[in-house]
Amino acid sequence: MANAIRVHAYGGPEALRWEPFVTGEPGPGEVKLAQRAVGLNYIDTYQRTGLYKLAALPAVLGMEGAGEVIAVGAGVADVKVGDRVAYAGVLGGYAEERLIAADRIVKLPESIAYDTAAAMMLQGMTVRYLFRDTYDVKPGTVMLFHAAAGGVGLIACQWAKALGATIIGTVGSDEKAALAKAHGCTHTINYRSENFVERVRELTDGALCDVVYDSIGKDTFPGSLDCLRPRGLWVSFGNASGPVPPFDLTALKGSLYATRPSLMAYTAKRAELVANATDLFRMVESGAVRISVNQRYALKDAADAHRDLEARRTTGSSVLVV
Ligand code: NDP
């Protein structure tokens, strides 16, 4: 018997219950992990509140983790007991032990520690698909990236810089602005005290952005669309302030493109998952991207982590320590 954080009914952070949970043994194609660290992600709050519905309740929350393989099921050939592995996008992470399909995990390079892996798999693979697959970010690309001091944000600042792009990052405080800058953000805008659309117009001399990465949702709509040049791309990939309201397609002004991507869709095939993770490991091992684990909580205290994340008190990535 191991312990896990489960949700029995959608609600606030108090809905997270630390309780004994029977992990079971791996079935065909599965492995069992002793988890060493678990990643905290904004999606965990959407799944806790029911904004994103879970397949069934009660459910073990959590989409990301890293640990050691302690048992393998029938037909698993590429993974063995003792391997160090990590994953992202597979529900059931907030647990001391878990079962997972072997084709959803990747082996960790020796140089990457468990807590770094748990902090970076979901947020880092997100930046990789956003910059390589959703839009081809190149030297000279001008982008607006909201929440630039957050978990996805600090990785995006460094990755954009490595690609030679100009990244304009929005942040909720002056301290966060300094942090984003220190991670390679070209310009920052405090969108709590400044009009971000006006500032983007000034910073780009009216040329506006090729692409806007918007994970804020309700509060930055439709302003984000006003930051795009003709035929620019609006990437709506999250809803930290609430979902984007339904809108008329004429809001796209005759030429803008809009997409609503998810990591799960972009890594659905094993080859996509491996290519993405390999690229992420390369960026981290080269030093181009450093993972900032700025908050650590005991797994049983996941509710405190959710409170801090939703109150905008965190920066960079957060890890739940097993
Ligand atoms: P963050 O660490 O970025 O935390 C969210 C940040 O959003 C806050 O720190 C805050 O930064 C900002 N924010 C702005 N308005 C609000 C608000 N009303 N309430 C709370 N926060 C607000 O989280 P993650 O790095 O885990 O995720 C970032 C975003 O990316 C989320 O929206 C998430 O859902 C999305 N995401 C989407 C994926 C996909 O594939 N579609 C995959 C991964 C993440 P500040 O104070 O600076 O404004």
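# A first look at strands, helices and rings

Let's start with a pairing: strand S3 (residues 30–40) and strand S7 (residues 97–101) run antiparallel and are joined by five bridges. Keep in mind that this is a predicted model.

- Look for Leu-40 opposite Ser-318 in S16.
- As background, strands of a sheet pair through backbone hydrogen bonds, either parallel or antiparallel.

**A three-strand sheet**

- There's an open sheet of three strands in the order S2-S1-S4, paired antiparallel.
- Strand S2 (16–21) and strand S4 (59–60) are its edges, each pairing on one side only.
- Strand S1 (residues 2–7) meets S4 over two bridges, in the antiparallel sense. Arg-6 has Val-60 of S4 as its bridge partner.
- Over in strand S2 you'll find Arg-17, which counts as partly exposed at 44% relative accessibility.
- Leaving aside residues up to four places away in sequence, Arg-17 touches Ala-4, Ile-5, Arg-6 and His-8.
- For a sense of scale, Arg-17 and Val-171 are 154 residues apart in sequence and 32 Å apart in space, C-alpha to C-alpha.

**Helix H1 and its surroundings**

- Helix H1 (residues 42–49) and helix H9 (residues 302–310) have axes that come within 10 Å and cross at roughly 105 degrees. That angle makes H1 roughly perpendicular to H9.
- On the H1 side, the contact is made by Tyr-42, Asp-44, Thr-45 and Arg-48, while H9 brings His-306, Leu-309 and Glu-310.
- Six of the eight residues of H1 are buried, so this helix is largely enclosed by the rest of the structure.
- Which residues of H1 are buried? They are Ile-43, Asp-44, Thr-45, Tyr-46, Gln-47 and Arg-48.
- Their cover includes S1, S2, S3, helix H7 (263–266) and H9.
- Just after H1 comes Gly-50, with a positive phi of about 95 degrees.

**Rings and charges**

- The whole structure holds 10 aromatic pairs.
- One of them is Trp-234 with Phe-247: the ring centres are 5.8 Å apart and the planes are at 70 degrees, so the pair is edge-to-face.
- Trp-234 lies in strand S13 (residues 228–236) and Phe-247 in the loop between S13 and strand S14 (257–259), so the pair ties together parts that are 13 residues apart in sequence.
- Trp-234 is buried, with a relative accessible area of 4%, whereas Phe-247 is partly exposed at 31% relative accessibility.
- Phe-131, Phe-145, Tyr-213 and Phe-237 are linked by ring pairs into a cluster.
- Charged side chains sit over rings too: Lys-53 lies over the face of Tyr-10, 5.2 Å from the ring centre. The charged end of Arg-84 sits over the ring of Tyr-114, at 4.7 Å from its centre.

- The bond from Leu-57 to Pro-58 is cis, with omega near -5 degrees, and Pro-58 is in the loop between H1 and S4.
- Another cis bond runs from Phe-221 to Pro-222, with omega near 5 degrees. You'll find Pro-222 in the loop between strand S12 (209–214) and helix H6 (223–226).
- Leu-208 isn't a glycine, yet has a positive phi of about 65 degrees. Leu-208 sits in the loop between helix H5 (196–203) and S12.
- Arg-231, in strand S13, also has a positive phi of about 65 degrees without being a glycine.
- Are these residues buried or exposed? Leu-208 is buried, with a relative accessible area of 16%, and Arg-231 is exposed at 61%.

Terms used. Residues numbered from 1 in each chain as written. Predicted model: local features only at pLDDT ≥ 70, side-chain atom pairs only at ≥ 80, totals over all residues. Heavy atoms only, no water. Phe/Tyr/Trp six-rings, centres within 6.5 Å; stacked < 30°, edge-to-face > 60°. Helix = DSSP H or I, 4+ residues; strand = E, 2+ residues; numbered from the N terminus. Buried < 20%, exposed > 50% of the residue type's maximum accessible area, 1.4 Å probe, protein only. Lys NZ or Arg CZ within 6 Å of the ring centre and 35° of its normal. Pairing = 2+ DSSP bridges. Axes fitted to C-alpha atoms, helices over the stretch in contact; angles between N-to-C directions. Parallel < 35°, antiparallel > 145°, perpendicular 65-115°, else oblique. Contact = heavy atoms within 4.5 Å.
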